[in-house]
Amino acid sequence: RGNTRMINRRHFLLSTSGAIVATALPNAIAQPSDIDLRYGQSSQQSTQQKFQNIINDMFLLRNENGSHWLTLKKVEAGPEHDGMEQFQLVFTSDSPNFTDDIYSVTHLSTLQTQQMNIEASQSMKQHYVSTFCLLT
């Protein structure tokens, strides 16, 4: 009986310490960064400018249908209107089975994640776009 109690305590300690390490690991891997990719008025930079600053960075897209690696290749400005910020992110990927959908998009350098609608480009092969129209 004493042996069973020790095994249970050991199992508890090992599983608890594993959970603590698992939750701390992403923060340990991410590079310290001043990059804040949240949408909206959270900083003095526009959201479009925030993405301009990370061109050629890698992103991981995930949803219930799978995951894909994409590289941000450019940020295209959209029409200008007072009170609105419009632009399009253009990504590239070698992923053959990409479907237009809403994805959890994680910037690999900072591990910041947002939801984005990503669609195949109509004009460029193996290019994918996400269109933004944000109130400022």
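**Strands and surface of a predicted model**

Mentor: Start with β4 and β5, which form a hairpin with 4 residues between them. Leucine 111, in the turn, has a positive phi of about 65°. Keep in mind that the model is predicted.

Trainee: How do you know that β4 and strand β5 pair, and in which sense?

Mentor: Two strands pair if there are at least two bridges between them. β4 and β5 (residues 112–120) have 7 bridges, so they pass that cut-off, and the sense is antiparallel.

Trainee: What makes strand β4 enclosed by the rest of the structure?

Mentor: Buried means under 20% relative accessible area. In β4 (residues 101–107), 5 of the 7 residues are buried, so the strand is largely enclosed.

Trainee: Over how many bridges do β1 and β4 pair?

Mentor: They pair over 4 bridges, in the antiparallel sense. Phenylalanine 59 has histidine 107 in β4 as its bridge partner.

Trainee: Which strand pairs with β1 over 6 bridges?

Mentor: Strand β2 (residues 66–77) does; it is antiparallel to β1 (residues 58–63). Asparagine 63 faces glycine 66 of β2.

Trainee: What do the strands close into, and in which order?

Mentor: 6 strands close into a barrel, in the order β1-β2-β3-β6-β5-β4, with antiparallel pairing. On average, neighbouring strands of this sheet are turned by 45° against each other, direction ignored. The chain has 2 helices besides its 6 strands, and its pattern along the sequence reads α-α-β-β-β-β-β-β.

Trainee: Why is methionine 58 called partly exposed?

Mentor: Exposed needs over 50% and buried needs under 20%. Methionine 58 has 34%, so it falls in between. This residue lies in strand β1.

Trainee: What makes Met58 part of a nonpolar patch on the surface?

Mentor: A patch residue needs over 30% relative accessible area. Methionine 58 has 34%, so it passes that cut-off. Met58 forms the patch with Trp69, Leu108 and Leu111, and the accessible area together is about 340 Å². For the chain, the accessible surface comes to about 9,100 Å², with 52% belonging to carbon and sulfur atoms.

Trainee: Why is the contact of glutamate 76 with lysine 74 called a salt bridge?

Mentor: The rule asks for a side-chain nitrogen of Lys or Arg within 4 Å of a carboxyl oxygen of Asp or Glu. Here the closest N and O atoms are 3.2 Å apart, so the pair of glutamate 76 and lysine 74 qualifies. By this rule the count is 1 salt bridge.

Trainee: How many residues does the chain have, and what percentage counts as buried?

Mentor: The chain has 136 residues, and 32% count as buried. Of the contacts between residues at least 6 apart in sequence, 51% join residues at least 24 apart.

Methods:
Residues are numbered from 1 along each chain as its sequence is written. This is a predicted model: local features need pLDDT of at least 70, side-chain atom pairs count only at pLDDT 80 or more; totals for chains, interfaces and linings use all residues. Side-chain values use heavy atoms; hydrogens and water are left out. Axes are lines fitted to C-alpha atoms, for helices over the stretch in contact, and angles run from 0 to 180 degrees between N-to-C directions. Buried means under 20% relative accessible area, exposed over 50%, partly exposed in between (1.4 Å probe, protein chains only). Contact means heavy atoms within 4.5 Å. Accessible areas come from the Shrake-Rupley method with a 1.4 Å probe; for residues, only the protein chains shown count as cover. Patches are made of residues with over 30% relative accessible area and no salt bridge: like charges are joined within 9 Å, nonpolar side chains (Val, Leu, Ile, Met, Phe, Trp, Tyr) within 5 Å.
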